[in-house]
Amino acid sequence: MTAGIGKMLVLGGVRSGKSCYAEGLARGQARAVTLIATAEAQDEEMAARIEAHRRHRDARWRVIEEPLALAAALRTAVSPERLVIVDCLTVWLSNLLCGKDEDASRRETQALLDALASLAGDCILISNEVGFGIIPANALARRFGDEAGILHQRIAAECDRVVLMVAGLPLPVKDPQLRMSRPDVSP
C-alpha cells in the first residue's frame with residue numbers, strides 16, 4: 001500500500017473530529033484523493049451539514065455521492081495511486097435500513113466486506129461509534145445499533161488500522177506498529 005495508510009477505520013462520536021482527522025491524513029498525501037459521501041440531504045439540517053463538509057474539504061478532491069451501492073463505488077474509485085475516504089458508514093447503514101429493500105443491508109454489507117478484502121489501494125472508512133450509549137427504546141434504533149456494532153467489528157477485522165476519535169484526539173485501537181495483541185476471549 002502506498003504511503004502506509006492501508007485500510008483504516010476511523011470511529012468516534014458525533015463531532016469527535018473523525019472527518020477532520022481523515023481529511024488531514026489525506027492532505028498529507030502526495031496523490032489524488034476521492035471522497036465517497038454517503039449522506040443525502042433529506043431535510044434542511046442535513047443539507048447544512050453536507051454543505052459545511054463541502055466547504056471544509058479540499059476542492060481538488062474528486063467527490064462521489066453514493067448513498068447505497070458503496071462497494072461498487074469503492075471498487076470504481078480505488079487504485080494504488082489514489083487515496084479513498086468513505087464518509088460515513090453509519091449514514092450509509094441508515095440509508096439501507098430505512099429503504100424499502102429489507103435485504104439491502106445484509107447484501108450491501110457483504111459486498112463491502114468482499115470489496116475491502118480485495119482492495120488494491122488505500123482507503124479510510126469513517127463511522128460513528130454508537131455503542132457507548134443506552135439501549136434505545138424502539139426496535140429500529142436497536143437494530144441500527146446492533147447492525148452498526150457488527151459492521152464495525154467486521155470492518156475492523158479487515159482493516160490494518162483502527163483509530164478511535166475522542167474530543168478531537170486520535171486514539172490508536174489497532175495499529176501493526178504498536179504490536180498490540182487481542183486477549184483470548186475464549187469461555
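Me: How many of the six residues of strand 6 are buried in this predicted model?
Reply: In this predicted model, strand 6 spans residues 161-166 and is mostly covered. Of its six residues, the number buried is five.

Me: Which residue of strand 6 does Val10 stand opposite?
Reply: Strand 1, residues 7-12, runs parallel to strand 6, and five bridges join the two. Within this pairing, the residue of strand 6 opposite Val10 is Val163.

Me: Which residue in strand 7 is the bridge partner of Val163?
Reply: Strand 7 covers residues 169-174 and pairs with strand 6 over five bridges, in the antiparallel sense. Val163, which stands opposite Val10, also has a bridge partner in strand 7, namely Pro172.

Me: What is the phi of Ala167, in the turn between strand 6 and strand 7?
Reply: Strand 6 and strand 7 form a hairpin, with two residues between them. Ala167 lies in that turn, and its phi is positive, at about 55°.

Me: Is Thr34 buried or exposed, and what is its relative accessible area?
Reply: Thr34 is found in strand 2, residues 32-37. A residue counts as buried under 20% relative accessible area. Thr34 is therefore buried, its relative accessible area being 0%.

Me: Which side chain does the side chain of Thr34 join in a polar contact of 2.8 Å?
Reply: Leaving aside residues up to four places away in sequence, Thr34 touches Arg62, Ile64, Ala77, Arg82, Leu83, Val84 and Ile85. The polar contact of 2.8 Å joins the side chain of Thr34 to that of Arg82.

How values were computed: Residues numbered from 1 in each chain as written. Predicted model: local features only at pLDDT ≥ 70, side-chain atom pairs only at ≥ 80, totals over all residues. Heavy atoms only, no water. Buried < 20%, exposed > 50% of the residue type's maximum accessible area, 1.4 Å probe, protein only. Helix = DSSP H or I, 4+ residues; strand = E, 2+ residues; numbered from the N terminus. Pairing = 2+ DSSP bridges. Polar contact = N/O pair within 3.5 Å; in protein donor to acceptor, adjacent residues only side chain to side chain. Contact = heavy atoms within 4.5 Å.
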